[in-house]
Amino acid sequence: MQVLFGGTFDPVHNGHVVMAESLARAFPGATVHVIPNRQPPHRVSQVSAEHRLSMLSMAMEGIPQITVNAIELDRDGPSYTVDTLGALREQFGAEESLVLCLGADAVQVVDQWHQPEMLVELGHLCILNRANQFIEIPRILDAYQLTENLSDFSNKACGLLARLATPNVPVSSTEVRGLIAKQEPALPVPPKIADYICRHHLYQDTE
Ligand code: ATP
């Protein structure tokens, strides 16, 4: 089973680390691909993809089952999830169970994605339910078959949807960038990431 957890990771923070650990625990034996995306054109970060990737690799180092996968950085053009799932489907074959993990923020805008109706053909969907908040599932995802049991994902290659209750770590990359700009000394990121940010003078000019 291949589990996909994507994001901008600009920068990676403690919430992302807890989430990766939760996914590894929830899917024993699976490989969890943590996938940094190319910056969408409307969100131009001052920090390069190389720095985001380096920080992500450092933060995920040593967590069992996790692999940082640069598939979207290696591909030209926008990072469409449907393309990433398609590429992994090709790589791992028609029988492999692929699980796309989405946080509440992503689920709410999934109908604005490129070809969202194709996702069900390519993998399962795991909705990350932080602190048991209520997440309404948009109609565009109606084609998925709901299951309570994550272990059902290993019996099929695609088409199931489940929620995973995950811990609440109230932090975002936006908040981290804001704290750095205000020169706050304590950041909600792993210590080696805080060192890296400091050493490379990243995010100093965030507005
Ligand atoms: P930004 O503030 O720049 O929008 P972010 O903190 O939301 O960034 P992303 O890189 O966009 O981080 O998130 C990648 C994935 O991690 C998304 O699925 C998002 O829902 C999830 N995520 C982000 N922050 C947390 C958190 N504190 N706890 C759990 N999951 C999180």
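Cys101 has Cys126 in strand E5 as its bridge partner. This is a predicted model, in which local features need pLDDT of at least 70, side-chain atom pairs count only at pLDDT 80 or more, and totals for chains, interfaces and linings use all residues. Residues are numbered from 1 along each chain as its sequence is written, and side-chain values use heavy atoms, with hydrogens and water left out.

- Strands (E, at least two residues) and helices (H or I, at least four) are DSSP runs, numbered from the N terminus.
- Two strands pair if DSSP finds at least two bridges between them.
- E4 and strand E5 (residues 124–130) run parallel, joined by 5 bridges.
- Strand E1 (residues 2–7) also runs parallel to E4, with 4 bridges, and Leu4 stands opposite Leu100 there.

**Aromatic pairs**

- The whole structure holds 2 aromatic pairs (ring centres of Phe, Tyr or the six-membered ring of Trp within 6.5 Å; planes under 30 degrees apart are stacked, over 60 edge-to-face, the rest tilted).
- Phe5 and Phe9 pair edge-to-face, at 5.9 Å centre to centre and 70° between the planes; both are buried.
- Phe27 and Phe153 are stacked because their planes lie at 5°, with centres 6.1 Å apart.
- This second pair links distant parts of the chain, 126 residues apart.

Definitions and conventions:
Buried means under 20% relative accessible area, exposed over 50%, partly exposed in between (1.4 Å probe, protein chains only).
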